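Start with the model itself.

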Amino acid sequence: MEHSSLAGRIFRGIALTLILIFFMFPIVWIFLMSFQNNDQILRIPPRILFEPTLANYEALISGQLRTAAGNLQISFMRNLFNSVVLSSAAVLLALLLGVPAAYAFARFKFRLGETIAFTLLSFRFAPPLLVLLPLSLYYQELGLNDTYFGIVWVYQLIALPLILWIVRGYFEDISPDIEHAYRLAGHSWREAFTRIAVPLAGPGIAAAGLLSFIFCWNNFVFALILASADKQPVTVGALAFVTASGIQYGQIAAAIVLSVTPTLLLALYAQRYLVEGLSLGAVKG
Amino acid sequence: MSMAQTLPTNAQAAPAKPRPRVRLLPYLLSLPALLVCVAILVPFVTAAVYSLQRYRLNLPYLRGFIGAGNYIDFLSDPAFWNTFRVSITYTVLTVVLELLLGLGIALLLRRPTRFHNAVSIMLLLPLMTAPAIAALMWKLMTNPSFGILSYVISLFGVTDFKWASDPSSALFTVVLVDVWVYTPFIMILLLAGLRSLPRQPFEAAALDGVPASFVFFRITLPMLAPYIITASLFRLLDSIQQFDIIYAMTQGGPGDRLMVFQVQAYLEFFQYTNVGRSAALLMILWLITNILSNIFIKNWLRLRARAHGHA
């Protein structure tokens with residue numbers, strides 16, 4: 001592979017170019033579309049050069065959408081706000097529940113621990129609707145339907161296994177001797193946990209938190225079933241938006257750009273940790 | 001695995017603490033996670049019970065146990081077999097395509113140059129796009145009147161291609177979106193695998209002048225096998241449960257062309273309010289995924305132990 005022929009290098013160059021076009025083009029194209037008005041979008045043949053407009057974003061931010069049938073009030077910003085609230089709360093809760101448990105699973109060998117860890121892991125692969133559909137009936141009885149708390153609780157299905165298994169791997173990689181030495185100096189286990197173990201596993205905890213934030217943000221089906229319009233995150237909101245706004249394609253593109261920008265930026269920021277996170281720590285990057 | 005064992009090493013050297021408290025500690029720490037497990041298990045058991053009932057939300061007075069009735073009905077129901085066939089086709093197509101493409105890209109990016117790393121980071125972006133949103137992006141690009149892809153294929157003389165709205169091309173279109181979103185997942189896992197392989201076998205093969213195809217099939221592929229298996233099982237489990245892309249793109253249509261398990265179950269529940277049938281469908285899907293995930297977890301544990309250095 002080190003000393004490949006000219007033909008080989010040309011082949012690799014062409015292949016990589018095609019791959020980059022296939023995977024990058026949709027993002028670039030929708031981004032460009034979000035700065036066009038409908039006339040520019042509908043023009044055939046399409047043009048790469050155009051006079052950009054911010055009208056689509058202005059309409060989204062003000063919540064006043066111009067459609068063929070007149071002005072329409074849609075609070076897409078509300079969806080964006082919901083996504084931030086739901087994902088942040090879900091990750092914070094999952095860290096509070098998951099990090100101590102991950103520590104317990106890494107440091108102590110006890111049967112219940114393995115059972116919990118594997119149950120949570122198997123939920124990661126169970127059909128989400130299997131839990132969600134009965135849950136939606138329970139939620140209606142409990143009054144949890146369409147509440148932030150109810151949705152955040154279900155988001156634990158996404159965030160908790162991720163945090164538990166990634167952070168557990170990080171705790172396992174820290175030698176317990178450091179904590180033992182610290183405890184010999186007369187400190188309690190709680191001090192050893194908060195002052196030694198957690199700071200040392202810090203990068204892992206941060207990575208697991210960021211990844212679960214991205215996955216909560218990108219989730220669609222949970223809120224589709226449990227949330228009504230004013231609690232819906234962007235994934236569900238964008239779909240409703242498409243139905244409501246009809247042929248205002250520029251505004252749809254702008255809504256898509258606003259929905260994906262936070263996760264894409266986070267992903268670029270945390271890309272170092274993504275490999276490990278995506279495989280729940282099965283592949284050390 | 002003994003219950004009494006606490007600190008793995010030096011337990012006796014730790015300062016004298018009341019022993020029972022130390023023994024309780026792991027349970028106290030994992031209690032919250034346990035509660036979440038229990039809270040999830042309740043609806044799961046409920047779903048299993050529903051699947052054995054005649055239970056329609058619009059006809060509550062008809063509710064009652066019918067044993068395996070819902071399941072037996074499926075055997076003679078063409079809609080069920082359509083769901084089964086569409087789900088399996090979708091899963092096989094996406095996993096095979098993503099595996100081949102992902103492996104190809106990983107091999108191309110194998111040498112850790114700055115350019116290759118930049119490419120692999122860029123390929124993360126589709127994976128980090130919400131699948132439901134990705135479906136909307138492709139919907140805009142495949143719109144028959146102004147979509148850029150419709151325009152591009154019209155340059156090649158294909159003018160009457162309706163993408164997701166035509167039964168003959170709907171599957172192709174959603175598979176394309178799935179490949180766009182998830183190929184990077186396989187690529188990233190295999191790339192990490194490739195780069196962690198020991199160098200000696202490859203150096204020895206290069207010294208002996210072994211042909212590249214032999215190196216690939218006899219050294220690279222076998223050594224990469226655990227990574228390939230783990231990555232494909234990961235995708236297999238997610239793909240057979242695909243909901244977001246298909247629902248956002250066509251809601252299972254046109255007709256019942258893309259009626260995969262979870263979309264069918266969703267519509268049974270919300271459109272036909274047939275809770276019993278919906279639950280039975282999901283139980284069958286769960287059975288399939290459960291078998292797959294047991295194989296998966298075994299493989300994955302082995303890889304994980306190796307990555308953390310106690311294989």
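In this predicted model, helix H13 (residues 249-269) of chain A packs against helix H6 (residues 131-141) of chain B at an angle of about 150°. Their axes are 10 Å apart. Angles over 145 degrees count as roughly antiparallel, and H13(A) and H6(B) are therefore roughly antiparallel to each other. The crossing of H13(A) past H6(B) is left-handed. On H13(A), the contact is made by A:Tyr249, A:Ile252, A:Ala253, A:Ile256, A:Ser259 and A:Val260. H6(B) supplies B:Ile133, B:Leu136, B:Met137 and B:Leu140. By class, the residues of this contact are nine nonpolar, one polar and no charged.

Now the whole interface. In total, 88 residues of chain A are in contact with 81 residues of chain B. Helix H1 (residues 6-33) of chain A gives the most to the side of chain A that touches chain B, with 12 residues. That side of chain A divides into 65 nonpolar, 16 polar and seven charged residues.

Chain B also has backbone features in its loops. A cis peptide bond joins B:Gly253 and B:Pro254, with omega about -5°. B:Pro254 sits in the loop between helix H11 (244-250) and helix H12 (261-270) of chain B.

| Residue | Phi | Loop in chain B |
|---|---|---|
| B:Gln251 | about 55° | between H11 and H12 |

B:Thr273 is partly exposed, with 15 other C-beta atoms within 10 Å.

Conventions. Residues numbered from 1 in each chain as written. Chains lettered and ligands numbered in written order. Predicted model: local features only at pLDDT ≥ 70, side-chain atom pairs only at ≥ 80, totals over all residues. Contact = placed C-beta atoms within 7 Å. Helix = DSSP H or I, 4+ residues; strand = E, 2+ residues; numbered from the N terminus. Nonpolar A, V, L, I, M, F, W, Y, C, P; charged D, E, K, R; others polar. Axes fitted to C-alpha atoms, helices over the stretch in contact; angles between N-to-C directions. Parallel < 35°, antiparallel > 145°, perpendicular 65-115°, else oblique. Left-handed = near helix turned anticlockwise from the far one by under 90°. Buried ≥ 20, exposed ≤ 12 C-beta atoms within 10 Å, placed from the backbone.
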